[in-house]
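Here's a quick briefing to read with the structure open beside you. Keep the viewer handy and click along as you go.

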Amino acid sequence: MAELILHHYPTSPFSEKIRLILGYKKLAWKSVIIPRVMPKPDVVALTGGYRKTPFLQIGSHIYCDTALICDVLEHVQPTPTLYPSGHKGLARVLAQWADEKLFWTAMAWNFSPQGAAQMFGGGAPEQWGPLAKAFGEDRAKMRVAVPRMPPADAAAAYKSYLRRLADMLKEQPYLLGSTPCIADFAAYHPLWFTRTQTSVMSDILNATPPVLAWMDRMAAIGHGTVEKSNAIDSIAACARSSGVGAVLSSEPFQDEHGIALGSRVTVASDSFGPEPTEGELVAATRMHYTLRRTDDRAGIVHVHFPRIGYVLKNAEA
Ligand SMILES: N[C@@H](CCC(=O)N[C@@H](CS)C(=O)NCC(=O)O)C(=O)O
C-alpha cells in the first residue's frame with residue numbers, strides 16, 4: 001500500500017486525535033506541516049477546496065475530516081480496533097458529541113482572553129501582532145453555523161462535561177472499557193489543547209483527577225513512527241500514483257439527492273470551513289462521498305468526504 005501522509009500542524013487538536021490513533025495502531029506515517037490560515041495553495045492542490053486540518057493522503061487519494069480518516073485507518077490496520085464490538089454505536093455517538101459539543105465548548109474556554117494571550121505571545125490584544133489578527137479573521141470566515149459561546153457560559157458547560165467524563169472513568173481506565181476507542185481519541189483532543197496549548201486555562205481540569213489520569217494514559221500512546229516530508233513531495237507523490245490509495249469500497253451507491261454518479265458536484269462542510277470541493281461524483285455510499293478532479297500539479301485526485309456533516313450539491317444546477 002502507498003504510504004500514509006498526514007497533512008497537519010502541531011497545535012491542531014483534530015490533528016492530535018489522528019496522530020494518537022496512528023500511534024495506537026502502531027503505524028508509520030509521513031508528516032507534512034500545512035499553514036494554520038488561508039491561503040493554502042498546496043493544500044487546495046490536493047483537496048480541490050477543502051481547507052480544514054488535518055487530511056490524510058494515500059497515493060492519489062485524499063481523505064477529508066477526522067471521522068472519515070478514522071474509518072480509513074481502521075481499514076488499513078484493523079487491530080487494535082477503534083470501534084469495540086458491542087459498543088460501536090455508542091462509541092460513534094460519543095465521539096460525535098466530543099468532536100462537536102465538547103470541542104467548541106473547550107475552545108471557547110481555551111480562547112478566553114488569557115488563553116488567547118498565551119497563544120499569541122502574551123500581553124493585551126493590541127500587542128498580539130499580525131498573526132493573531134490574521135487568525136481571528138480567518139476563523140471568523142469559517143464559522144458558518146457555529147454559535148459563539150461567551151467564556152463564562154463555556155466554563156460552566158466545560159466543567160459539567162469534565163464531570164461526565166470523570167464519571168465514565170470511575171471504574172474503568174478508558175471511556176467505554178479497558179481499552180481506548182474512537183470516543184477516547186475524540187474526547188481527548190480538546191482537553192489536550194487546554195492542557196498543552198493554553199496551559200494558563202488548564203486549572204479547570206484539576207477538579208476531575210480521573211480525567212487527568214486518563215489524559216496521561218492517552219498521551220502515553222504516542223504518535224507512531226513519523227518521518228518528515230513536505231508539500232512539494234506529497235503533491236509529486238500524488239501526481240505519480242494515479243489510481244493508488246483507494247481504501248474504502250465505492251459500492252453500493254446510495255442516492256438520497258437524485259444526483260447520478262458521473263455528475264459534476266460540490267461537497268462542502270455544513271458548519272465550519274465552508275469552502276467547497278468540486279469534481280465528478282464517482283461514489284456515494286452510506287458513509288462517504290468520493291469526487292474525482294484533475295489538478296495541474298497533483299494530477300487526477302480522488303477526494304473523499306464523510307456524508308455526515310457535509311452537503312452534496314449539483315454543480316450544474
Ligand atoms: N470535522 C473536522 C474538524 C476539523 C477542524 O475543525 N480542524 C481545525 C483545526 S484543529 C481547522 O481546520 N482549523 C482551520 C484550519 O486549520 O485551516 C474534522 O473532524 O476533521
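Leaving out residues up to four places away in sequence, which residues does valine 311 touch? They are Thr266, Val267, Ala268 and Asp270. Keep in mind that this is a predicted model.

**Valine 311 and its strand**

- You'll find valine 311 in strand β10, which covers residues 310-314.
- Serine 271 sits 40 residues from valine 311 in sequence, yet the C-alpha atoms of the two are 9.8 Å apart in space.

**The ligand site**

- The ligand is surrounded by 14 residues, and the closest are Lys40, Arg51, Thr53, Asp65 and Thr66.
- By type, that shell splits into five nonpolar, three polar and six charged residues.
- Two helices, α1 (13-24) and α6 (130-142), each put at least two residues into the shell.
- Lysine 40 has a side-chain N or O atom 2.6 Å from an oxygen atom of the ligand.
- For tyrosine 9, a side-chain N or O atom is 2.9 Å from a ligand oxygen.
- Arginine 51 also has a polar side-chain atom 2.9 Å from an oxygen atom of the ligand.
- On its own the ligand would expose 500 Å², and the protein buries 91% of that.

**Cis prolines**

- The peptide bond running from threonine 53 to proline 54 is cis, with omega near 0°; threonine 53 is also listed among the closest residues to the ligand.
- Proline 54 belongs to the loop that links α2 (41-47) to β3 (55-58).
- Another cis peptide bond goes from glutamate 251 to proline 252, with omega near -15°.
- Look for proline 252 in the loop between α10 (231-240) and β6 (264-269).

**Positive phi without glycine**

- Aspartate 65 isn't a glycine, but its phi is positive, at about 80°.
- This aspartate 65 is in the loop between β4 (61-64) and α3 (66-76), and aspartate 65 is one of the closest residues to the ligand.
- Is aspartate 65 buried or exposed? Its relative accessible area is 18%, and the cut-off for buried is under 20%, so aspartate 65 is buried.
- Lysine 26 is not a glycine either, and has a positive phi of about 50°.
- The loop holding lysine 26 runs between α1 and β2 (28-33).
- Lysine 26 has 73% relative accessibility, and exposed means over 50%, so lysine 26 counts as exposed.

**Helix α7**

- How far apart are the end C-alpha atoms of helix α7? They are 25 Å apart; the helix has 18 residues (151-168) and should span 26 Å at 1.5 Å a residue, so the two values agree.
- The buried residues of α7 are Ala154, Ala155, Ala157, Tyr158, Tyr161, Leu162, Leu165 and Ala166.
- As background, an α-helix has 3.6 residues a turn, so residues three or four places apart point the same way.
- The packing partners of those buried α7 residues are α4 (88-110), α8 (182-196) and α9 (209-219).

- Glutamine 197 is in the loop between α8 and α9.
- With 19% relative accessibility against a cut-off of under 20%, glutamine 197 counts as buried.
- The side chains of glutamine 197 and threonine 196 are joined by a polar contact of 3.0 Å.
- Setting aside residues up to four places away in sequence, glutamine 197 touches Thr11, Gln118, Met119 and Trp192.
- Glycine 299 lies in strand β9, residues 299-306.
- At a relative accessible area of 18%, glycine 299 is buried too, because the cut-off is under 20%.
- Alanine 236 is 63 residues from glycine 299 along the chain, and their C-alpha atoms are separated by 8.9 Å.

Technical notes:
Residues are numbered from 1 along each chain as its sequence is written. This is a predicted model: local features need pLDDT of at least 70, side-chain atom pairs count only at pLDDT 80 or more; totals for chains, interfaces and linings use all residues. Side-chain values use heavy atoms; hydrogens and water are left out. A residue is near a molecule or strand if one of its heavy atoms lies within 4 Å of it. A polar contact is a pair of N or O atoms within 3.5 Å; within protein, one must be able to donate a hydrogen and the other to accept it, and residues adjacent in sequence count only if both atoms are side-chain atoms. Accessible areas come from the Shrake-Rupley method with a 1.4 Å probe; for residues, only the protein chains shown count as cover. Helices (H or I, at least four residues) and strands (E, at least two) are DSSP runs, numbered from the N terminus. Ala, Val, Leu, Ile, Met, Phe, Trp, Tyr, Cys and Pro count as nonpolar, Asp, Glu, Lys and Arg as charged, and the others, Gly among them, as polar. Buried means under 20% relative accessible area, exposed over 50%, partly exposed in between (1.4 Å probe, protein chains only). The expected span of a helix is 1.5 Å times one less than its number of residues. Contact means heavy atoms within 4.5 Å.
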